[in-house]
Number of protein chains: 2
Amino acid sequence: MGGSLALALRGKTAGIGVVDTNPAVCAEALARGIADWAGGDLALASKADVVVLAAPVRVLIRHIGELGSQRSLLKPGALVIDLGSVKRPVVAAMNALPDGIGAVGGHPMCGKEVSGLTYADPDLYRGAQFVLCRTVRTTHHAWVAVRGIVEALGAHPLEMAPDHHDQVVAAISHLPYILASALALCAGVRAADDPDIWRLAATGFQDTSRLAGSDPEMMADVLLENAPAVLAALDGAVGLLDQLRTWVRDGDADRLRESLGAAQAARKDWEQSRKLG
Amino acid sequence: MGGSLALALRGKTAGIGVVDTNPAVCAEALARGIADWAGGDLALASKADVVVLAAPVRVLIRHIGELGSQRSLLKPGALVIDLGSVKRPVVAAMNALPDGIGAVGGHPMCGKEVSGLTYADPDLYRGAQFVLCRTVRTTHHAWVAVRGIVEALGAHPLEMAPDHHDQVVAAISHLPYILASALALCAGVRAADDPDIWRLAATGFQDTSRLAGSDPEMMADVLLENAPAVLAALDGAVGLLDQLRTWVRDGDADRLRESLGAAQAARKDWEQSRKLG
């Protein structure tokens, strides 16, 4: 996400630096012209007018704490934003930043199941909704600046309250990931004994399981930081699966068709909202 | 599926007829040159050397019974194949066809979540696995002829026992459909009260829920005809979801990461098996 953002902003900003503890990432960022400077020390953030935190959500929450605890790690008047998938704990961490720092929580609704600079794509953000959450450190200046960055990426800024954001992404992002992972696990266990499992798995399996390819460290962080909303979404899904199970077991064709028809209608509803959107 | 098959075989066979109770489908098939003749009466099957049954699985099982009950509905020596997603009940129906008829159960591992002639695609079968199940009516001649048709479609014939096929597709096709439908239902219920649900649903939701767009009548048939294998696959998935739920609730990051890592490994395993072909 960070690499794609740097690529998308290249030429639109005075200079871009990359801070990553992995020297290979820094070297690649410099070699590919993604960054003007790079290094492994978080203190390098003091060089920046705008600090964009792109890391697993628990790591970036820790970074916000570190940046705030020693005032010298941020330039006076600096702006801090993040790209994390959970907003309540990020906004809480940003609220504790020192006065004089501008901070806005961010979550771009785009991404790939692969990560790393290899897959960086300057068009990743184009047309995506980019959720923005106000913090107690969101000055008027910070808000205007962040909206400008989002628009420079080609994305649409969308203001949301952090709790509401976290409930919505539990339903449309974290739940799909868990379902995809359960599917991949089930099939993987059987594939160990039966080569026909992978031989017959085609586009349906491919799409439904795609999110299971996501980085497990990053996603475990997300699920744990958004646990209450994730558990509620999961309970809703398991309740529906139990219902569908009962109708299949009892051969209740009418109720089964009705429920599957409602699922199809919901999918079409979303497609329609996409076209209008 | 039937329209795509007709398109793929156009020019490779002496003539193609379409039997459909919907006159609009017959008219479109003739207008687009997909068929040389068309009509709504199953008795028209008596004109054909090869009868391909492409219909929801319960309907095509009924058609096999009807074709077999009155000998005059099939030309002596005719070959009957089907494209249904469940094979045990289809093979059982084919076993009851009269002596002198050749019959092979078929299931091409390709498809779209949309159906109808509008979406017919002559390249749909290209490169796909095409499962073939022997019946007591599978003569040597019938087997060779069906393999020839599958190869003419550009697909790969793969012989399987019907029970084994049904268990495998429950895991890699019917389970993904049920999970996708539960996801679409959950999101749909919430979207009725909250426009941000559809606003934020992006590629992750899109792919994971794609199969929910499938025809509910057709899929209800499939789930009910394959109930034992579907229930077993569903129980496996719900068991895994319960485990993941426990680890999220308890904040057990190690076990959660391990399990999500195994899911990612399974997904990569499948991708790898795809590349090896």
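Q: How many residues of chain B are in contact with chain A?
A: In this predicted model, 87 residues of chain B are in contact with 87 residues of chain A.

Q: And what area do the two chains bury between them?
A: Chain B and chain A bury about 7800 Å² between them, and 70% of that is on carbon and sulfur atoms.

Q: Which residues in chain B lose the most area to chain A?
A: Those are B:Leu200, B:Arg267 and B:Trp270. Together they make up 10% of what that side buries.

Q: OK, what about charges? How many salt bridges are there between chain B and chain A?
A: The count is 6. One of the salt bridges joins the side chains of B:Asp207 and A:Arg210, at 2.5 Å from N to O.

Q: How many residue pairs are in polar contact across the interface?
A: The rule finds 24 of them between chain B and chain A, with both residues at pLDDT 80 or more.

Q: Which element gives the most to the side of chain B that touches chain A?
A: That's α6(B), with 21 residues.

Q: How do the residues of that side of chain B divide into nonpolar, polar and charged?
A: You get 50 nonpolar, 20 polar and 17 charged.

Q: Switching topic: which residues touch the most other members in the largest nonpolar core?
A: A:Ile172 and B:Ile172 do, in a core of 150 residues.

Q: What does B:Ile172 touch, then?
A: Leaving out residues up to four places away in sequence, B:Ile172 touches A:Ala187, A:Ile197, A:Leu200, A:Ala201 and A:Phe205 in chain A, plus B:Met109 in chain B.

Note on methods
Residues are numbered from 1 along each chain as its sequence is written. Chains are lettered from A and ligands numbered from 1 in the order in which they are written. Side-chain values use heavy atoms; hydrogens and water are left out. A nonpolar core is a set of buried Ala, Val, Leu, Ile, Met, Phe, Trp, Tyr and Cys residues joined through side-chain atoms within 4.5 Å. Buried means under 20% relative accessible area, exposed over 50%, partly exposed in between (1.4 Å probe, protein chains only). Contact means heavy atoms within 4.5 Å. Buried area is the accessible area (1.4 Å probe) that two parts lose on being put together, summed over both. A salt bridge is a side-chain nitrogen of Lys or Arg within 4 Å of a carboxyl oxygen of Asp or Glu. A polar contact is a pair of N or O atoms within 3.5 Å; within protein, one must be able to donate a hydrogen and the other to accept it, and residues adjacent in sequence count only if both atoms are side-chain atoms. Helices (H or I, at least four residues) and strands (E, at least two) are DSSP runs, numbered from the N terminus. Ala, Val, Leu, Ile, Met, Phe, Trp, Tyr, Cys and Pro count as nonpolar, Asp, Glu, Lys and Arg as charged, and the others, Gly among them, as polar.
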